[in-house]
Amino acid sequence: MTTYFVTGASTVLGRNLIALLLRREDCETVYALARPRAFDRLKRFAPDEPRFVPLAGDLDEPGLGGDMPSTVDHVVHLSTTGVPNALSFARDAGATAFHQLSPSTRDEALLRRQDDVPVRIYRPSAMLGDSRTGEPAGEGDLLALVARLSRVPSGLPLAAPDLGLADVVPADHVAAVLDRLIHHDAPSGTTYPILAAEPVPVHEVYNAFAEAAGAPKVVVTTPRALTAGAAAALRLTDRLPQVRATRQAVLSEIGLSWATVARWRRESAVDDTATREALAGSGLSAPPLRDYAHTIYRHWAANVDPDRVRRSRPRKSLAGRRILITGASTGIGRHTALRVAREGAHVLLVARRADELAELQAEIARLGGTALSYPCDLTDGDAVDALVKEVLGDHDGVDVLVNNAGRSIRRSVLDATDRLHDYERTMAVNYFAAVRLTLGLLPSMRDRRYGHVVNVTTQGLQNHTPRFSAYLASKAALDEFGVVSGRELLSHGITFSSVKLPLVSTDMTAPSERFDAFGALPLMAVERAASLVHKAILNRKETVSVLLPFGAHAELAALVAPRATRALGHLIGHESMPGRPGDRAGLPAVAAAVTRMAWRRW
């Protein structure tokens, strides 16, 4: 019976090889080593197979960083790092053979100098993903380039430099070859190249994936002499550090680095006679890339593409989007949740009152939508941190965050001189709670290369409405946080919108409405306010507002006639609108204030 110790076991190549080893009748145990961060995934590979023993370790540590088996027959080192430590383990475990994949020149010299453990070396050509499942094995840079070019009309002919030939083989084929060669008798030091049946031009590797993605194909290549001339000119300009750094940065973003090209390019012909003789009669032959390029691209686009969240749904569609709305139990938040749910969004409802959230969730379900409730006191920092952890644990991420929860206090600043807590309370809800939740979700948005944050602010930031100093100060802080953050994160696919609403008839304004605090000033209906939030979710504009009542006009007036605008703001916004029941208001209050200003000025 034979025992195996496989490193790099969590990779697509490692898992394919382990599956083949476990099929062998004489297989007693396969020990599979992975780094701790990949260990959980490795454990799920064959949970019901008693011969499969996953191990967590570190190739950079002596003894491989954990409790390892005392004896093994074959050590299969699929990693190109940690070769000395893996070889030392093989020696201590009394291995009958050490199998190394693509060692560096230095590591190969180390392997050939020693004679304690018989060594075999395997050098596969450029390795792609699994030809059957489509799981990629490192070709993401090329696939990302193809995906970007798929936005260009597919019929557009492309020209490319002649980069020579490429040898590409899928990981499952390499695993099958390794399974065969590991058990083939050969002298220590034998090297087995693993090549494709026929090399293809480098641009044909691109074309195979371009066909799968619907991207334009390369139809003509420039002569090698011209390519060499361009390379020489590039080396000349690269002598300027800023030019070189700029070129590398731009090409890296679009996946066109020299490392990408070098990965596929075969420098010279390779003699694989030893491999072909050892595989004679096995029937193993690498399939042509055109037979499985579609499989790899589809899998990558659906599961791996870092931009898949952005690509997967039309820009103007909310279907399938996960939208988290705070203050969702009433008012603007509730109406926004109902609207986006009707358009197919998965709505995550956040508010303090669990019973009202449950009612809204049930209403959305009756309408055929999808919603989940997350009761949370947003002024409790620990509760917000727990909310972020729970939401990200339940979902792949949040596409849109709507910071709608708010607290408004309408009180003259002279009436608040002994009420600092008014300012602390509004900052706690309107600013710190929103910022804490946003900061908690931003890392996942960055990783997914997509995210949108809608901050529900106020038109008062444009007309500086008197008696709202506590409320407007907190909303101004949130508004500026969003503007600055949005301009920092724009190239990461994360955008911010500020919805500047006028006074809206909600539970928050009801106390002031009861004593006609706003006079003839029209209040926006909550449905109209929700439609503006919906507009911000769809359009992702930096600012969403309305012209009336007097938002943008007030900003323009302040630029053209600042003194008059300030006086009108005092008279209309402060004097004509009472602060409490029984206060003087309307024309008498305005007349008194005008007299007061004129008299004192005189």
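Which elements make a right-handed β-α-β unit here? Strand β15, helix α15 (residues 354–366) and strand β16 do. This is a predicted model, in which local features need pLDDT of at least 70 and side-chain atom pairs count only at pLDDT 80 or more, while totals for chains, interfaces and linings use all residues. Residues are numbered from 1 along each chain as its sequence is written, and side-chain values use heavy atoms, with hydrogens and water left out.

**The sheet**

- Helices (H or I, at least four residues) and strands (E, at least two) are DSSP runs, numbered from the N terminus.
- An open sheet of 7 strands runs in the order β16-β15-β14-β17-β18-β19-β20, with parallel pairing; two strands pair if DSSP finds at least two bridges between them.
- Its edge strands are β16 and β20 (543–544), each of which pairs on one side only.
- β15 (residues 346–351) pairs with β16 (residues 370–375) in the parallel sense over 6 bridges, and leucine 348 has leucine 372 in β16 as its bridge partner.
- The crossover in the β-α-β unit is right-handed, meaning that, with the strands pointing away from the viewer, the path from the first strand over the helix to the second runs clockwise.
- β17 (residues 400–403) and β18 (residues 451–458) run parallel, joined by 4 bridges; valine 400 has histidine 452 in β18 as its bridge partner.

**Helix α17**

- α17 has 29 residues and reaches 41 Å from its first C-alpha to its last, close to the expected 42 Å (1.5 Å times one less than the number of residues).
- A kink of about 40 degrees is centred on alanine 428 (the angle between axes fitted to the seven residues ending there and the seven starting there).
- After α17 comes arginine 449, with a positive phi near 60 degrees.

**The largest cavity**

- The whole structure holds 3 cavities of 30 Å³ or more (on a 1 Å grid over the protein atoms alone, sets of points where a 1.4 Å probe fits but cannot get out; lining residues have an atom within 4 Å of a point).
- The largest has a volume of about 50 Å³, the space filled by probe spheres set on the points, which are joined across faces, edges and corners.
- Helix α17 (residues 420–448) gives the most to its lining, with 4 residues.

Technical notes
1 Å grid on protein atoms, 1.4 Å probe; cavity = no way out; pocket = protein on both sides within 12 Å on 5 of 7 lines; lining within 4 Å.
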